[in-house]
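Good morning, and thank you for coming. I shall present one structure today, and I ask you to look at it with me as I speak.

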Amino acid sequence: LRDECPEDLQPDIFEKGWTHTIYMRIEEFQRVSLKIIAEALLLCTPAYMKKVSLPLCIADEPRIASFDFSKRVTVRVSL
C-alpha cells in the first residue's frame, strides 16, 4: 500500500498514527468501512476535533436497541 502512495505524502499518511481501514465489498462490512472512514474525516473537522468518536449510523441500519429481548431471558451455560 505504501508503495502505491506518492513519496511526499507517505509521512502524513503512514507515520501520523492514523488508523488504516480495510474497505470490504460485502455489503454489511462495506457499511462498517464507510462509517469508519466518515468518522475519521469528520473528527478532523473543526466542529468535531475535540471529540474522540461519533455515533454515526446509516439509514435503515439496525440499531443496537432493536436487538433487545421483548421479555426477560435467562441464559444458562455449562462448561
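Let me begin with Glu 61, which is found in the segment after helix 2; helices here are DSSP runs of H or I with at least four residues, numbered from the N terminus. This is a predicted model, in which local features need pLDDT of at least 70 and side-chain atom pairs count only at pLDDT 80 or more, while totals for chains, interfaces and linings use all residues. Residues are numbered from 1 along each chain as its sequence is written, and side-chain values use heavy atoms, with hydrogens and water left out.

Is Glu 61 buried or exposed? With a relative accessible area of 19%, Glu 61 is buried, because buried means under 20% relative accessible area, exposed means over 50%, and partly exposed lies in between, for a 1.4 Å probe and protein chains only. From C-alpha to C-alpha, Glu 61 and Tyr 48 are 23 Å apart in space, and in sequence they are 13 residues apart.

I turn now to the salt bridges. How many does a search of the whole structure find? The search finds three, a salt bridge being a side-chain nitrogen of Lys or Arg within 4 Å of a carboxyl oxygen of Asp or Glu.

One of them joins the side chains of Glu 15 and Arg 2, at 2.6 Å from N to O. Glu 15 lies in the loop between helix 1 (10-14) and helix 2, and Arg 2 in the segment before helix 1, so this pair ties together parts that are 13 residues apart in sequence. Glu 15 is exposed at 52% relative accessibility, whereas Arg 2 is partly exposed at 33%.

Another salt bridge is formed by Lys 16 with Asp 12, whose closest N and O atoms are 3.7 Å apart. Here Lys 16 is exposed, with a relative accessible area of 54%, and Asp 12 is partly exposed, with 42%.

There is also a salt bridge between the side chains of Glu 27 and Arg 31, at 3.4 Å from N to O. Both residues lie in helix 2, four residues apart, which is about one turn of the helix. Glu 27 is partly exposed at 46% relative accessible area, and Arg 31 is partly exposed at 26%.

Which residues make the nonpolar surface patch of about 660 Å²? They are Phe 69, Val 73, Val 75, Val 77 and Leu 79. Such a patch is made of residues with over 30% relative accessible area and no salt bridge, nonpolar side chains (Val, Leu, Ile, Met, Phe, Trp, Tyr) being joined within 5 Å and like charges within 9 Å. Val 73 belongs to the segment after helix 2 (27-42) and is partly exposed, with a relative accessible area of 41%.

That concludes my presentation, and I thank you for your attention.

How values were computed
Areas by Shrake-Rupley, 256 points an atom, 1.4 Å probe, with all protein chains shown as cover. Helix = DSSP H or I, 4+ residues; strand = E, 2+ residues; numbered from the N terminus.
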